Amino acid sequence: MTAKKNASALEKQGASELPGLEAPVLGPTGRPLRVFPQPAPLKSHGPARIISLCNQKGGVGKTTTTVNLGATLADDGRRVLAIDFDPQGALSAGLGVDTHDSLTIYDLLLGTEKDPHNVIRHTSVPNFDIIPANIDLSAAEVHLISEVARETILARVLRKVSDEYDVILIDCQPSLGLLTVNALTASHGVLIPLECEFFALRGVALLVETIEKVKDRLNPAIKLDGILATMYDSRTLHSREVMQRVVDAFGPEVLETVIGRTIKFPDASVSGTPITQFAPDHPAANAYRQLARELVFRGAVA
Ligand SMILES: Nc1ncnc2c1ncn2[C@@H]1O[C@H](COP(=O)(O)OP(=O)(O)OP(=O)(O)O)[C@@H](O)[C@H]1O
Ligand SMILES: [Mg+2]
């Protein structure tokens, strides 16, 4: 039986190990490979579960994951809002949203715009909205440092729209500064993308420590939703070794879905669309579909 046939058989059954084989086929994380089923449609929407995509290491796939996880959750009928929380504005660009001369998250943080509805933009994917950012956001930390309850400003902004969405994804910048602390304080969960390369685990201890501090002092309910291995290349021993080290370090926190390395992601970003629109049949689009479904399966998303 081909892998494709196995997959479609499993889609019908719900997530389970591949059937009819003497030894289970192991996925990259060393656990039996499974296909997560398309979730049932929701009967009602909101309040949103808020998830930060966080890693102070640059270029690990935070923005790519926000774009594509948001799009696949929306394709599965979830109402999704993504927050661009990086002054580079890569999320806004990756979703084809022009931020020149427009209201952004910066206006909401500073309170010069009170209503998030005036800042929310639709993307090309139905049910998938974004609050954009641009370089103005780089001044936010300086402005907010003297504010009362400066760590909870984003949480207060998101409260105004939370009931209208099922999930809010916050694309953090590569730093553990005040903006990221705001994101963690506003969140129910954190998803940590880790690039499958040699220094992947460097700095993760500091990130986990920061999450623990936020949990202790600001947001007792926050939890780690999972570690997502990205840019995995099964052909290289190096990728497989890094994967093994990540699994040794984090065990079941490592999500079963692993995102492979492919040039399709940079190409999709340039076109300002998620991979599910740019190359819907590419395995990389399917990987993000599986990620969305695994998160629903784990209860991280409704
Ligand atoms: N699975 C992948 N395979 C190949 N390239 C990828 C993959 N995921 C992301 N990329 C590319 O790697 C680069 C960094 O990805 P991305 O911008 O998502 O990381 P980031 O963690 O948001 O970075 P930053 O810390 O700068 O915000 C981008 O050019 C992106 O297109
Ligand atoms: Mg980014």
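Serine 52 stands opposite valine 190 of strand S6. The two parallel strands concerned, S1 (residues 49–53) and S6 (residues 189–195), are joined by three bridges; strands are DSSP runs of E of at least two residues, helices are runs of H or I of at least four residues, and both are numbered from the N terminus. The model is predicted: local features need pLDDT of at least 70, side-chain atom pairs count only at pLDDT 80 or more, and totals for chains, interfaces and linings use all residues. Residues are numbered from 1 along each chain as its sequence is written, while chains are lettered from A and ligands numbered from 1 in the order in which they are written.

Strands S1 and S6 belong to an open sheet of seven strands with mixed pairing, in the order S3-S4-S2-S5-S1-S6-S7; two strands pair if DSSP finds at least two bridges between them. Strand S3 (121–122) and strand S7 (223–230) are the edges, each pairing on one side only.

Cysteine 54 lies in the loop between S1 and H2. This residue counts as buried because 26 C-beta neighbours lie inside 10 Å; the cut-off for buried is 20 or more other C-beta atoms within 10 Å, exposed means 12 or fewer, and partly exposed lies in between, with C-beta atoms placed from the backbone. Leaving aside residues up to four places away in sequence, cysteine 54 touches Cys172, Thr180, Ala183, Leu184, Val190, Ile192 and Leu207; a contact requires C-beta atoms, placed from the backbone, within 7 Å. Its C-alpha atom is separated by 11 Å from that of threonine 210, 156 residues away along the chain.

Around ligand 1 there are 18 residues, of which Gly58, Lys62, Thr63, Thr64 and Pro174 come nearest; a residue is near if its C-beta atom, placed from the backbone, lies within 6 Å of the molecule. Helix H2 (62–75) and helix H10 (264–271) each supply at least two residues of this shell.

The classes of the shell residues are as follows.

| Class | Residues around ligand 1 |
|---|---|
| Nonpolar (Ala, Val, Leu, Ile, Met, Phe, Trp, Tyr, Cys, Pro) | seven residues |
| Polar (the others, Gly among them) | eight residues |

The chain as a whole has 12 helices and seven strands. Its radius of gyration is 19 Å, close to the 19 Å that the globule rule gives for 302 residues, so the chain is as compact as a globular protein of that length; the radius is taken over C-alpha atoms, and the rule is 2.2 Å times the number of residues to the power 0.38. Of the 302 residues, 46% count as buried.

Technical notes:
Contact = placed C-beta atoms within 7 Å.
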